[in-house]
Amino acid sequence: MRDYLHHYINGQWTASTGSEKLAVKNPATEEVIGHISAGTEEDLDKAVRAARKAFPRFSQTTREYRVDLLERIAEEYAKRKDDLTKVITEELGAPRALSEKVHYTMGYNHFKQAAEELRHFTFVEKRAASTIVKEPIGVSGLITPWNFPTNQTSTKIASALAAGSTMVLKPAEITPYAAMMLVDIFEAAGVPEGVFNLVNGTGETVGNAISSHPDIDIVSYTGSGTAGSQVMKNASENIKKVALELGGKSPLVVLDDADVTEAAQIAVNNIANNTGQVCTAATRVIIPAKMKAAFEEAMKKATEELKVGDPTADNQLGPLVAEKQWDTVQGYIQKGMDEGATVLTGGTGKPEGLKSGYFAKPTVFTDVDNDMTIAQEEIFGPVTTLITYDSLEEAIDIANDTIYGLAGYVVGKDEEKLQKVALNIRAGRIVINGASADFSAPFGGYKHSGIGREWGDFGIEEYLEVKSVLGMSSDE
Ligand code: NAD
C-alpha cells in the first residue's frame with residue numbers, strides 16, 4: 001500500500017495540516033493502492049511562502065548552474081526508469097510499453113530539452129538604445145492532470161527551473177505517485193530547498209488556492225476547460241499570469257491520394273494511444289466521400305486487431321483511468337447512437353472477458369455529421385468518428401468547425417495539399433503524415449484549447465517577465 005501522507009515543503013516531507021485522506025486506485029483492478037493527504041489552503045500557503053523565500057537566491061543563479069541542475073535531474077530521472085514506468089502503469093493503467101516508451105521518455109526529454117534550450121537562450125537583447133532583459137517571473141503555481149503524469153509535470157517544472165522560477169506543484173489527485181517520485185530525483189540532483197514544493201489535494205481546495213493566492217505570479221494549468229476557466233477567473237482577482245493547456249477535438253484530414261491502410265492505421269493509433277485519453281487525439285477523421293467504404297473496412301479491421309486488457313501484460317490499451325471516466329465515455333457512445341451515427345465497431349459495455357477494471361471497447365462511429373455531440377465534445381476515451389467531405393475546402397471548414405484548436409493531422413501525398421491543410425487548420429500543432437514528436441517545437445492551443453505554449457524555448461518564456469531598460473546598452 002502506497003500511503004504517502006505528506007506534502008513536500010521547503011525541502012522536507014511535511015505532515016498535512018488537515019486530516020482528510022484521498023484513496024488512489026489501480027484502474028485495471030479497481031483496488032485501492034494507497035492514500036494521499038488532501039492538502040489544505042494552509043498547506044498551500046506554507047508551500048508558497050517556502051517558494052517565495054527561495055526565489056531571490058534561485059532567480060540569481062547562473063545559466064550554467066541551471067543547465068547543470070537540469071542535466072543532473074535528467075540523469076537521476078533516468079536511474080529511476082523502472083520505478084517510474086511501474087508506477088505509471090499502476091496509477092494510470094497505461095500498458096507497460098507505453099509507460100516506458102511514451103510516459104517515462106517524454107518526462108526525460110523535457111528535462112534534456114530545457115537544458116539544451118537554456119544553453120543558448122537569449123535573456124538579454126540589445127535594441128536601438130535600449131536593452132531588453134528577461135527575468136524570472138517569481139513563484140509559479142503548477143496544476144497538472146492525470147493523463148500524462150510525467151509529461152505534464154516535467155514540461156512545466158523543467159521550464160520553470162530553466163527560467164529561474166521557484167514553484168508549487170499540485171499533481172492530479174488520481175495519479176499522484178509519479179509526481180511524488182520526482183521529489184527523490186530533485187533531492188538527488190541537488191535542487192535547493194524551497195525551489196520545488198508539492199502539495200497534494202483536490203482541485204476544489206488546493207487548485208483554487210493556487211489560482212487565488214496573491215503571492216503566486218503565474219498559474220500554469222493543464223486539464224479540462226471548465227476548471228481552466230475557473231483558474232482564469234480566480235487569477236484575474238490579483239492579475240496573475242495564466243497559461244492554460246485545455247482540451248481538444250482534433251481533426252485528421254485524409255487526402256484523396258492517401259494510402260487507405262496507412263491513413264486508417266494513423267487514425268487507429270489515435271484511438272489506442274493512452275486509451276484515447278490524450279488531449280491532442282485525432283477524434284474527427286475527415287475522409288473523401290469516395291473513399292468511405294474502403295476506409296471503413298480498413299478502420300474496422302485495424303481497430304478490431306487492438307488488444308485491450310491487463311496493462312502489465314502485452315496489450316495496446318489498458319483501462320480508462322477511473323469509473324467516472326468510464327461512465328462519461330459510455331454516455332458519449334450511447335449519445336452517438338441516439339443521434340443517429342452508426343457504430344462501425346465497438347459500442348457500449350466492457351470488452352469481452354474483462355469484468356473488473358474500467359475497460360472500454362475501442363469504438364469507431366461512421367455516418368457522423370460534424371454537428372453531432374460526439375463530433376463536437378471531447379470524449380477522452382477510445383472513440384473516434386468518421387466524417388466525409390467532397391472538396392478540400394469543405395474538409396478544412398469541417399476541421400475548423402469546433403470550439404477547439406489544439407492539434408490537427410493531415411495524411412496524403414500531394415505536398416501542396418498537405419501544406420494547404422496544415423496552414424489552414426486553426427490549431428497549435430499540426431502533424432503531417434504521422435511525423436514524430438519534436439520537443440523543441442511549442443505545444444499549446446488556439447481558441448478554447450488554451451493560452452500560452454509549453455515545451456522548449458517557448459515553454460521557458462512563460463516563466464519570464466520582460467523588462468525594457470531605455471538608455472542602457474549592454475551585452476549579456
Ligand atoms: P480536471 O480539470 O478535472 O483536472 C486537472 C487538474 O486540475 C487536476 O489536478 C485537478 O485536481 C485540478 N482541478 C480541478 N478543478 C480545479 C479548479 N477549479 N481549480 C484548479 N485546479 C482544478 O481535468 P481532468 O479530468 O483531470 O483531465 C482531463 C481534461 O484535461 C480533458 O479535457 C483533457 O483534454 C484536458 N487535458 C488537456 C491537456 C493539454 O495539454 N491541452 C493535457 C491533458 C489533459
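This is a predicted model: local features need pLDDT of at least 70, side-chain atom pairs count only at pLDDT 80 or more; totals for chains, interfaces and linings use all residues.
Q: Is F380 buried or exposed?
A: The cut-off for buried is under 20% relative accessible area. F380 has a relative accessibility of 17%, so F380 counts as buried.

Q: What is the phi of F380?
A: F380 is not a glycine, yet its phi is positive. The value is about 60°.

Q: Where does W455 lie, and what is its phi?
A: W455 is in the loop between β22 (450–451) and α15 (456–461). W455 is a residue other than glycine with a positive phi. That phi is near 75°.

Q: Which residue has its charged end over the ring of W455?
A: W455 is buried, with a relative accessible area of 4%. A charged end sits over its ring, 4.6 Å from the centre.

Q: Which residue joins its side chain to that of H110 in a polar contact?
A: H110 is found in helix α4 (residues 96–119) and, at 3% relative accessibility, counts as buried. Leaving aside neighbours within four places in sequence, its contacts include S154, F439 and W455. The polar contact between side chains is 2.6 Å, and the partner of H110 is N151.

Q: How many aromatic pairs does a search of the whole structure find?
A: Ring pairs link Y77, Y104, Y108, F111, F186 and F196 into a cluster. For the whole structure, the number of aromatic pairs found is 12.

Technical notes: Residues are numbered from 1 along each chain as its sequence is written. Side-chain values use heavy atoms; hydrogens and water are left out. Helices (H or I, at least four residues) and strands (E, at least two) are DSSP runs, numbered from the N terminus. Buried means under 20% relative accessible area, exposed over 50%, partly exposed in between (1.4 Å probe, protein chains only). A polar contact is a pair of N or O atoms within 3.5 Å; within protein, one must be able to donate a hydrogen and the other to accept it, and residues adjacent in sequence count only if both atoms are side-chain atoms. Contact means heavy atoms within 4.5 Å. Rings of Phe, Tyr and Trp (its six-membered ring) pair if their centres lie within 6.5 Å; planes under 30 degrees apart count as stacked, over 60 as edge-to-face and the rest as tilted. A charge sits over a ring if NZ of Lys or CZ of Arg is within 6 Å of the ring centre and within 35 degrees of the ring normal.
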